[in-house]
Amino acid sequence: MNKLNSEQLDITDNDMLPEYDFTNAVRGKHYQAYRRGHTVTIHQADDTTVIQHFTLENGAKNC
């Protein structure tokens, strides 16, 4: 684990770091795409391909 030095800021859990800038953020920008799900393609060493599609389970919440 890294030791904190005197140059680092004293930050509590409630403070936002200066490098996180959400001034142009859009709430819910990826909501519809997240609800539709996503596909993962796995190319295996034996030249086979496995395709898996993931979606939210019925009744699942996205937080």
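Predicted model: local features only at pLDDT ≥ 70, side-chain atom pairs only at ≥ 80, totals over all residues.
Met-16 counts as exposed because its relative accessibility is 55%, and the cut-off for exposed is over 50%. Together with Tyr-20 and Phe-22, Met-16 forms a nonpolar patch on the surface. The accessible area of these residues together is about 380 Å².

**Close-up of Asp-21 and its contact with Thr-23.** Asp-21 also lies in the segment before helix 1. With a relative accessibility of 56%, Asp-21 counts as exposed. The side chain of Asp-21 is joined to that of Thr-23 by a polar contact of 3.1 Å.

**Close-up of the pairing between strand 1 and strand 2.** Strand 1 covers residues 38-43 and strand 2 covers residues 49-54. The two strands run antiparallel and are joined by six bridges. One of the paired positions is Ile-42, whose bridge partner in strand 2 is Val-50. In a regular strand, side chains alternate between the two faces of the sheet.

Strand 1 and strand 2 form a hairpin, with five residues between them. Asp-47 lies in this loop and has a positive phi of about 65°, although it is not a glycine. Most residues other than glycine have a negative phi. Asp-47 is exposed because its relative accessible area is 73%, against a cut-off of over 50%.

Conventions:
Residues numbered from 1 in each chain as written. Heavy atoms only, no water. Patch = residues over 30% accessible without salt bridge, like charges linked within 9 Å, V, L, I, M, F, W, Y side chains within 5 Å. Areas by Shrake-Rupley, 256 points an atom, 1.4 Å probe, with all protein chains shown as cover. Salt bridge = Lys/Arg side-chain N within 4 Å of Asp/Glu carboxyl O. Buried < 20%, exposed > 50% of the residue type's maximum accessible area, 1.4 Å probe, protein only. Pairing = 2+ DSSP bridges. Helix = DSSP H or I, 4+ residues; strand = E, 2+ residues; numbered from the N terminus. Polar contact = N/O pair within 3.5 Å; in protein donor to acceptor, adjacent residues only side chain to side chain.
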